[in-house]
Amino acid sequence: MKPPALLVGGCSVVVETCCVPKQWECIYGGQNATFRDGKIDVSATSSMHSFDFVSKKLAFIGQDYKIVQDYNKMMQYTIIQGHCTAVKLAAPIHNCLPASAMVASSLDMGGPDGVVIDVYDIGKIAPEYMYKGTYSVNQDGCIPFSETLMTDGSIFTLAYINITSGIKDPSVFDVPSPPCPKDTDNFVNLLKEQPAPSWPILPSLP
């Protein structure tokens, strides 16, 4: 068990723009707690995440689904059990938080030889996002650490685990066709735009 976090900063401060690494992969582990009729329902999930801000592609692979976001074509493909759903992405992506982002608090984890975690308010750095919550990164290098996402009646906590630098296998971004449609101009123009945040955050999952 990790030692408890110690709050060492309680007020918002302006810091140098936080930019996550341009190419990295990790295991994503999440736990969702839903409150219904006085009862708590807890579920857990995990998946592989690949982030390539050089090629402008992201991939999320779970047990029975694959999501590929291609920001060169501004397209997202969701493949589930041989079926593909394609939607347009409405906003570009980059590896830096907005320059206006402010650290809401900092956590000293692990004592003198530990790490300092900066915690950002998602509502302030991405007000258009459907969730409220926090986004935490390692202060040294802006390495993603965790997120807490909240809606009415639910809390979703996720952690970035076993982060590695680079992309081991670029084919992780391949989109199978079929079942996914080919990218013709006519098809893309007919698709409904799906809002997407302009910084690294959990995409819409099936």
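Helices here are DSSP runs of H or I with at least four residues, strands are runs of E with at least two, and both are numbered from the N terminus.

Before going on, a word about what we are looking at. This is a predicted model, in which local features need pLDDT of at least 70, side-chain atom pairs count only at pLDDT 80 or more, and totals for chains, interfaces and linings use all residues. Residues are numbered from 1 along each chain as its sequence is written, and side-chain values use heavy atoms, with hydrogens and water left out.

Back to S47, then. Is S47 buried or exposed? S47 counts as buried because its relative accessibility is 6%; buried means under 20% relative accessible area, exposed over 50%, and partly exposed in between, with a 1.4 Å probe and protein chains only. Its side chain makes a polar contact with the side chain of H49 at 3.2 Å. By polar contact I mean a pair of N or O atoms within 3.5 Å; within protein, one must be able to donate a hydrogen and the other to accept it, and residues adjacent in sequence count only if both atoms are side-chain atoms. Leaving aside neighbours within four places in sequence, S47 is also in contact (heavy atoms within 4.5 Å) with C26, I27, Y28, I61, G62 and Y65.

Now the overall picture. The protein has 2 helices and 14 strands. Of its 206 residues, 41% are buried. Looking at contacts between residues at least 6 apart in sequence, 54% join residues at least 24 apart. The accessible surface comes to about 11800 Å², and 55% of that belongs to carbon and sulfur atoms; those areas come from the Shrake-Rupley method with a 1.4 Å probe, and for residues only the protein chains shown count as cover.

Next, the inside. In soluble globular proteins, nonpolar side chains tend to be buried together. A nonpolar core here is a set of buried Ala, Val, Leu, Ile, Met, Phe, Trp, Tyr and Cys residues joined through side-chain atoms within 4.5 Å. Which residues touch the most other members of the largest core? Among its 27 residues, they are W24, F53, L58, L97, Y120 and Y135. The elements giving two or more residues to this core are β3 (23–36), β5 (57–61), β6 (65–70), α1 (122–125), β11 (132–138) and β13 (154–165). Apart from this core lies another, of 6 residues, including M75, Y77, I79 and C84.

On to the rings. How many aromatic pairs does the structure hold? There are 5, where rings of Phe, Tyr and Trp (its six-membered ring) pair if their centres lie within 6.5 Å, with planes under 30 degrees apart called stacked, over 60 edge-to-face and the rest tilted. W24 and Y160 make an edge-to-face pair, 5.9 Å centre to centre with 70 degrees between the planes. That pair links distant parts of the chain, with W24 in β3 and Y160 in β13, 136 residues apart. W24 and Y160 are both buried. F51 and F53, by contrast, are stacked, at 6.2 Å and 20 degrees. F51 counts as buried because its relative accessible area is 2%, and F53 because its relative accessibility is 11%. Ring pairs join W24, F51, F53, F60 and Y160 into a cluster.

Strands pair if DSSP finds at least two bridges between them. β11 and β12 (residues 143–151) pair in the antiparallel sense over 7 bridges, and Y135 has E147 of β12 as its bridge partner. E147 also stands opposite L158 in β13, and β12 and β13 run antiparallel, joined by 6 bridges.

Both turns have a glycine worth a look. The β11–β12 hairpin has 4 residues between its strands, and G141 there takes a positive phi near 100 degrees. The β12–β13 hairpin has 2 residues between its strands, with G153 in the turn at a positive phi of about 90 degrees. D140 lies in the loop between β11 and β12 and counts as exposed because its relative accessibility is 66%. The C-alpha atoms of D140 and V116 are 7.5 Å apart, with 24 residues separating the two along the chain.
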